[in-house]
Amino acid sequence: MSQPQVIQSQVELQESLAEVWGFFQTAENLTTLTPKSQKVRIEKGGDVPLHSGLEVGISVSPFPGIRTGWLTVIEEVHPPTGSAAKGWFRDTQRKGPFAMWNHIHRFSATEAGGTLVEDHLEYRVPMGQLGHWVAGWWVRKQIEGLFSHRTQALIAHFGAA
């Protein structure tokens, strides 16, 4: 089995932690963070507030005529409550195109009153080392492109700090 691939991303936004956290509380907003070319659809759980155990079904169309379904589970949710200046949640893939998907979303208030959004993703492509050799570079490029688009979409929505 191949080692998990790791991708990290961060962006500092102008808007408050409460506003940014609120935006991430339903999966419906995933559609605004995904390139239109992926034709993402929220099939299940998109309008339900984020909580541990929530199953979110999505589908994407990375190529014309091909639609891939995903079922992700929100494993943990730690909201920024009280005086906490940070919060986070973690989702994993239950069914879908990856052999493993573990995504941690972190949110921290900044001294300037904005929010630092950080992502830590660990994933494996299917078919072990063979899958990694054949498609690993392409998959990584696609995920990095998604994170780049997401960063730009967040800046457009909340403003850069």
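Phe-98 and Tyr-123 are both buried, a term that denotes under 20% relative accessible area, with exposed meaning over 50% and partly exposed in between, for a 1.4 Å probe and protein chains only. The two rings form an edge-to-face aromatic pair, with 5.7 Å between centres and 80° between planes. Rings of Phe, Tyr and Trp (its six-membered ring) are paired if their centres lie within 6.5 Å, and planes under 30 degrees apart count as stacked, over 60 as edge-to-face and the rest as tilted. This pair links distant parts of the chain, 25 residues apart: Phe-98 lies in the loop between strand E5 (86–95) and strand E6 (100–109), and Tyr-123 in strand E7 (residues 115–124).

The model is predicted, so local features need pLDDT of at least 70 and side-chain atom pairs count only at pLDDT 80 or more, while totals for chains, interfaces and linings use all residues. Residues are numbered from 1 along each chain as its sequence is written, and side-chain values use heavy atoms, without hydrogens and water.

Elsewhere in the structure, Trp-21, Phe-23, Phe-24, Phe-89, Phe-107 and Phe-158 form one aromatic cluster.

As for the overall fold, the protein chain holds 3 helices and 7 strands, in the order β-α-α-β-β-β-β-β-β-α from the N terminus. Helices (H or I, at least four residues) and strands (E, at least two) are DSSP runs, numbered from the N terminus. Buried residues account for 43% of the 161 residues in the protein chain. The C-alpha trace spans about 45 × 30 × 30 Å along its principal axes.
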